[in-house]
Amino acid sequence: MEDLREDEYVIFQRIHANWLRGLEGVGGRLFLTNQRLIFVPHSLNFQTDGVQIELWGMSKIEKHQTWGLIPNGIKITLESGHVFKFIVWNRSKIIREIIYAKRTDDIIPG
């Protein structure tokens, strides 16, 4: 994981996840800080780029069904309209944590 910024701290780390990126489910881990959601892929993937999603840029965080059937996904829509989808276990808990961190980030001046 990247270095933390000033006044940034980890809320949860190393959550197993797959980032649905095109036809590939990129395996890796999610980290949530008080400022961003960070996906760090495993080195065995074809696509090895990670992603950092700023909490302030998220407009919608919701449950998602993988392939329209399996209730194990999280869908994050940014204010720009860009969408990120992740497959995780305990998605309700993870969604709650992201929403709480986002609310806290919006309240505390940066």
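Does Leu69 count as buried or exposed, and at what relative accessibility? Select Leu69 to begin: with 69% relative accessibility, this residue counts as exposed, where exposed means over 50% relative accessible area, buried under 20% and partly exposed in between, with a 1.4 Å probe and protein chains only.

Before going further, note that this is a predicted model, in which local features need pLDDT of at least 70 and side-chain atom pairs count only at pLDDT 80 or more, while totals for chains, interfaces and linings use all residues. Residues are numbered from 1 along each chain as its sequence is written, and side-chain values use heavy atoms, with hydrogens and water left out.

**Around Leu69**

Leu69 lies in the loop between S5 and S6; strands here are DSSP runs (E, at least two residues), numbered from the N terminus.

**The whole sheet**

Now switch to a cartoon view and colour by strand. The 7 strands form an open sheet in the order S4-S3-S2-S1-S7-S6-S5, with antiparallel pairing; two strands pair if DSSP finds at least two bridges between them. Strand S4 (51–54) and strand S5 (58–66) stand at the edges with a single partner strand each, so one side of each is left without a neighbour in the sheet. From one strand to the next the twist averages 30 degrees, the axes being lines fitted to C-alpha atoms and the angles running from 0 to 180 degrees between N-to-C directions.

**From S5 to S7**

Select S5 and S6, which pair in the antiparallel sense over 7 bridges, and find Lys63 standing opposite Ile74 in S6. Next, select S6 (residues 70–78) together with S7 (residues 83–88), an antiparallel pair with 5 bridges. Two facing positions can be picked out here: Thr77 is opposite Val83 in S7, and Ile76 has Phe84 in S7 as its bridge partner. The hairpin of S6 and S7 has 4 residues between the strands, and Gly81 takes a positive phi near 100 degrees in it.

S1 and S2 run antiparallel and are joined by 9 bridges, among whose partners are Arg21 and, in S2, Glu24. Their hairpin has 2 residues between the strands, and Gly22 in the turn has a positive phi of about 70 degrees. Strand S2 (residues 24–33) is mostly covered, as 8 of its 10 residues are buried. Moving on to S3, the pairing with S2 is antiparallel over 5 bridges, Leu30 stands opposite Phe39 in S3, and the hairpin again leaves 2 residues between the strands. In the loop between S2 and S3, select Asn34, which is buried with a relative accessible area of 12%; Asn34 and Glu8 are 26 residues apart in sequence but 6.0 Å apart in space, C-alpha to C-alpha.

**The aromatic rings**

Show the side chains of Trp19, Phe39, Phe84 and Phe86, which ring pairs link into a cluster. A search of the whole structure finds 4 aromatic pairs, a pair being rings of Phe, Tyr or Trp (its six-membered ring) with centres within 6.5 Å, counted as stacked if the planes are under 30 degrees apart, edge-to-face if over 60 and tilted otherwise. In one of them, the ring centres of Trp19 and Phe39 are 5.8 Å apart and the planes are at 65 degrees, so the pair is edge-to-face. This pair links distant parts of the chain, Trp19 in strand S1 (residues 10–21) and Phe39 in strand S3 (residues 36–41), 20 residues apart. Both Trp19 and Phe39 are buried.

**Last stop: two backbone angles**

Most residues other than glycine have a negative phi. Select Asp7, whose phi is near 65 degrees; Asp7 sits in the segment before S1 and is exposed, with a relative accessible area of 62%. Then select Arg14 in strand S1, where phi is near 60 degrees, a positive value in a residue other than glycine.
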